[in-house]
Amino acid sequence: MFLPPQPKSLFRFFISFPPTYIKCLCTSTAKTPLPLNRLHALCSTEDRDKVPSCELVLVSALKSCASRLAIAQGRQIHCLVLKTGFNSNTFVQNSLINMYVKCGHIGDAKSLFDSCVNLDSVSWNIMIIGYVKLGRFDDARHLFEVMPLKDCVSYTTMIMGFAQNGCWKEAVGVFKDMRGAGVMPNEVTLVNLISASSHLGGIWGCRMLHALVVKLHLDRFVLVSTNLLHNYCVCSSLRDARYLFDELAERNVVSWNVMLNGYSKAGLIELARDLFERLPAKDVVSWGTMINGYLQLNRLSGALAMYRAMLCDGLGPTDVMVVDLMSACAREKATAEGFQLHGAIVKAGFDCYEFVQATIIHFYAYCGTIDLACLQFELGIKDHLASRNALIAGFIRNGMIEQARQVFNEMPERDVYSWSSMISGYTQNEQPHLALELFHGMIASGMKPNQTTLASVFSAIACLGALNEGRWLHEYVFNNCISLSDNLSAAIIDMYAKCGSINIALEMFYEIRDKASTVSPWNAVICGLAMHGRTNLSLEIYSDLERRPHIKQNSVTFIGVLTACCHAGLVDLGKRYFKSMISVYNIDPGIKHYGCMVDLLGRAGKLEEAEEMIRSMPIKADVVIWGTLLAACRTHGNVNIAEKAAENLARLEPSHGGGRVLLSNIYADAGRWEDVLSIRSAMQGERINKSYGYSGIV
């Protein structure tokens with residue numbers, strides 16, 4: 001037996017304890033060892049009526065074991081409880097169950113729970129809480145359902161468990177049952193309920209919760225008010241959020257940061273800045289929120305100014321903050337600022353973190369300095385998988401597909417991102433056969449593709465026009481229950497459209513139309529229909545898109561719309577769409593949009609207007625645009641504009657034989673045979689040949 005021999009008269013031994021010693025037993029902490037031999041002496045006295053502190057001492061001792069995770073000492077006290085007969089005491093047995101739960105021995109706790117006769121609500125709650133904290137939610141739910149008398153703690157624990165497991169509706173359902181049973185919620189209940197409600201969305205639900213909080217007088221708890229504030233921000237009801245914030249009787253730094261984050265996420269950086277300046281005590285989260293707000297709006301200079309101000313305020317950056325800033329420098333190609341941040345990262349010791357090192361490699365590769373990206377990889381920890389993936393992506397971005405494949409082949413292990421990067425690289429570099437071959441190798445290796453991988457493979461199949469491969473892959477997605485993201489849905493629609501199965505593409509679109517949250521699937525079907533000459537249906541679907549304000553059009557949308565107008569010769573409608581793109585949707589036209597307009601005007605014979613559009617473009621016209629105008633001149637026999645177009649075409653690409661042949665044909669149509677002979681002779685003298693046409697399918 002682990003206990004030493006006891007004195008003959010335990011009661012006499014006990015009553016000799018000074019009061020301060022009993023207090024010491026009752027208040028033992030994680031740093032205070034438990035004097036088990038004296039605890040045994042204290043609890044072994046036969047005259048328990050004279051020892052009212054025994055129960056308190058045992059409970060305190062078990063609490064200490066639970067806090068220290070001292071399972072061995074806890075088991076010893078359990079033996080002592082059984083030996084001294086305190087196992088029938090409800091407080092002691094609950095402390096024993098709690099000790100086993102806190103120490104992670106839920107099986108022992110359940111065995112003790114099942115053996116107890118006198119169970120109260122505390123006993124049930126301890127077990128339910130234990131199951132929830134260990135992630136055994138089904139066991140917690142079963143115990144909750146058979147619990148005879150549920151109290152506030154029981155309901156709150158289940159609401160918290162449902163919320164932690166992503167069962168938001170179930171959490172709200174338990175709260176409704178709680179109210180129906182007449183059990184009064186407390187501040188912890190409302191905090192978990194508000195958290196669950198924030199994932200369901202809906203401003204009216206948030207307002208009803210706010211009313212309930214006020215009715216129950218729980219708005220005095222800053223934690224409840226702060227969660228309610230966060231809920232308003234999630235619902236994008238910043239006016240209600242600000243009203244609540246201004247009415248808060250007590251604000252802590254978290255409350256300020258939640259309101260700051262609400263403004264920042266909504267892009268209202270000036271309101272966020274005004275609130276930030278009023279913040280009495282700024283922490284690193286406050287500064288990080290402001291920096292992230294500027295980065296969201298692509299205002300790198302503002303973000304860096306905030307970063308410098310934070311350093312002057314005596315606060316250092318976090319690893320996440322420097323990664324966000326480095327990524328923004330990569331997007332803006334701000335090499336000087338990126339160099340300085342790299343130095344700050346090394347000084348702070350963040351360069352040893354895997355994702356930070358990968359971000360540095362990504363920065364140098366994105367800025368076109370692939371040699372520095374390679375140097376960073378060589379100097380860093382080569383075991384980091386993320387670093388190798390970043391280097392592969394960097395090589396691909398710089399058109400170095402062979403070097404990317406070499407790094408891929410040398411990888412000791414690969415994840416789905418490694419495979420996806422290489423497959424995407426082959427697709428982007430117009431090597432769809434290799435992309436498809438690598439994908440089959442990925443499947444053979446046992447690696448399961450993700451949505452990004454599959455989107456790249458569908459794009460490769462679309463380039464090949466391999467309809468059978470596309471059908472097989474679509475079936476693979478269905479059989480493996482891979483959820484359809486908007487990008488993946490768009491890739492499947494695009495594949496069917498480019499492989500000639502426009503009706504299947506339409507069926508696919510109609511299936512996912514109401515589930516789509518972004519414009520990608522809409523773009524795919526609008527462009528596909530335009531490519532197949534089904535202008536009316538393409539524009540009809542675009543009109544349907546306009547009636548959905550939650551989905552924003554982008555530049556690709558208008559390429560499809562303008563292409564549809566071009567094929568149908570709808571000049572006025574095309575002009576109207578082109579103007580609305582700028583004035584209504586604030587989208588700056590790109591070279592492809594101008595190309596569509598030049599083609600539209602050229603086909604309609606409005607060559608002067610097409611030429612004027614090219615001259616007034618804010619960007620320099622490329623070979624395609626001048627070639628389009630030249631082809632339109634051939635159709636409509638306009639020699640004057642054709643000569644100007646051919647001249648600009650030759651200036652951009654002197655070896656462009658197709659343009660010269662086209663101009664000679666225009667001269668021939670006009671009967672200007674001397675000019676035809678001059679062009680042909682010049683082509684022979686310069687040994688310029690017209691590229692032969694070929695089919696990508698036959």
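Analyst: A disulfide here is a pair of cysteine sulfur atoms within 2.5 Å. By that cut-off, the whole structure has zero disulfides. Cys-65 is in none; its nearest cysteine sulfur belongs to Cys-103, 7.2 Å away. Cys-65 is also buried, at 0% relative accessible area (buried is under 20%, exposed over 50%, partly exposed in between, with a 1.4 Å probe and protein chains only). For Cys-596 the closest cysteine sulfur is that of Cys-566, at 6.6 Å, which is too far for a bond. Cys-596 is buried as well, with 13% relative accessible area.

Keep the ground rules in mind: the model is predicted, local features need pLDDT of at least 70, side-chain atom pairs count only at pLDDT 80 or more, and totals for chains, interfaces and linings use all residues. Numbering runs from 1 along each chain as its sequence is written, and side-chain values use heavy atoms, with hydrogens and water left out.

Now the helices. Two packed helices are described by the angle between their axes and the distance between the axes. Helices are DSSP runs of H or I with at least four residues, numbered from the N terminus, while strands are runs of E with at least two. Axes are lines fitted to C-alpha atoms over the stretch in contact, and angles run from 0 to 180 degrees between N-to-C directions.

Start with α7 (residues 106-115) and α8 (residues 121-133): their axes are 11 Å apart, at an angle of about 160 degrees. That makes α7 roughly antiparallel to α8 (over 145 degrees; under 35 is roughly parallel, 65 to 115 roughly perpendicular, the rest oblique). The crossing of α7 past α8 is left-handed: the near helix is turned anticlockwise from the far one by less than a right angle, whereas clockwise would be right-handed. On the α7 side, the contact (heavy atoms within 4.5 Å) uses Ile-106, Ala-109, Lys-110 and Phe-113; on the α8 side, Ser-123, Trp-124, Met-127, Gly-130 and Tyr-131. Those residues split into six nonpolar, two polar and one charged (nonpolar: Ala, Val, Leu, Ile, Met, Phe, Trp, Tyr, Cys, Pro; charged: Asp, Glu, Lys, Arg; polar: the others, Gly among them).

Next, α8 against α9 (residues 137-146). Their axes come within 7 Å and cross at roughly 160 degrees. The two are therefore roughly antiparallel. Again α8 passes α9 in a left-handed crossing. From α8 come Trp-124, Met-127, Ile-128, Tyr-131 and Val-132; from α9 come Phe-137, Asp-139, Ala-140, Leu-143, Phe-144 and Val-146.

Two loop residues have positive phi without being glycine. Asn-298 has phi of about 60 degrees. Asn-298 sits in the loop between α18 (284-296) and α19 (300-312), and is exposed at 52%. Cys-481 has phi near 55 degrees. Cys-481 lies in the loop between α29 (467-479) and α30 (486-498), exposed at 70%.

Two helix residues are buried. Thr-189 belongs to α12 (residues 187-200) and has 0% relative accessible area. Leaving out residues up to four places away in sequence, Thr-189 touches Cys-152, Thr-156, Ile-159, Phe-175 and Met-178. Tyr-307, in α19, is buried at 7%.
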